[in-house]
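Hi,

Here's the structure I promised to pass on. Have a look at it first, and then read on for what turned up.

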Amino acid sequence: MLAAAQRLRRSADFAAAIRGGRRAGRETLVVHLLVDEPAFASTARAGFVVSKAVGNSVVRNRVQRRLRHLVRPLLDELPAGATVVIRALPPAAEAAYETLATDLEGALASARRPRRPR
């Protein structure tokens, strides 16, 4: 379980991260990362989007529990005020725990990488 200060709850927070953040995708998930440092934030926060396309409620809850467990230690590496939204894709339902971990770490590292100049 994530601490209350580490969870996204408001839809405006989800929308801000999805619209304004960097996006990186992998086979099982998509990560939206918004690195913004508001004065009130003491830690990075995470939210999860697991739609019905992933599976029934049992499968969706299992995927969300796995992702929540995987993201907990990664939040400490992000700057305070960072917002992460993790959107699970349908292949996440059958993916092994190690695959989810690899995809999450890779997508988060890719989203943190600075943009190349055009």
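Before anything else, "contact" below means heavy atoms within 4.5 Å. Also keep in mind that this is a predicted model.

Let's start with Pro90. You'll find Pro90 in the loop between β4 (82–88) and α3 (97–112). Setting aside its neighbours within four places in sequence, Pro90 is in contact with Ala53 and Val54. Lys52 is 38 residues from Pro90 in sequence, and their C-alpha atoms are 8.8 Å apart in space.

Next, helix α2, which covers residues 57–75. Its 19 residues reach 26 Å from first C-alpha to last, close to the 27 Å expected at 1.5 Å a residue. Several α2 residues are buried, among them Val59, Arg60, Val63 and Leu67. The buried residues of α2 pack against β2 (29–35), β3 (45–50), β4 and α3.

How do α2 and α3 pack? Their axes are 10 Å apart, at an angle of about 45°, and the two helices are therefore oblique to each other. The crossing of α2 past α3 is right-handed. On the α2 side, the contact is made by Arg66, Leu67, His69, Leu70, Val71 and Leu74, while α3 brings Tyr97, Leu100, Ala101, Leu104, Glu105 and Leu108. Sorted by class, that contact has 9 nonpolar, 1 polar and 2 charged residues.

Cheers

Notes
Residues are numbered from 1 along each chain as its sequence is written. This is a predicted model: local features need pLDDT of at least 70, side-chain atom pairs count only at pLDDT 80 or more; totals for chains, interfaces and linings use all residues. Side-chain values use heavy atoms; hydrogens and water are left out. Helices (H or I, at least four residues) and strands (E, at least two) are DSSP runs, numbered from the N terminus. Axes are lines fitted to C-alpha atoms, for helices over the stretch in contact, and angles run from 0 to 180 degrees between N-to-C directions. Angles under 35 degrees count as roughly parallel, over 145 as roughly antiparallel, 65 to 115 as roughly perpendicular and the rest as oblique. A crossing is left-handed if the near helix is turned anticlockwise from the far one by less than a right angle, and right-handed if clockwise. Ala, Val, Leu, Ile, Met, Phe, Trp, Tyr, Cys and Pro count as nonpolar, Asp, Glu, Lys and Arg as charged, and the others, Gly among them, as polar. The expected span of a helix is 1.5 Å times one less than its number of residues. Buried means under 20% relative accessible area, exposed over 50%, partly exposed in between (1.4 Å probe, protein chains only).
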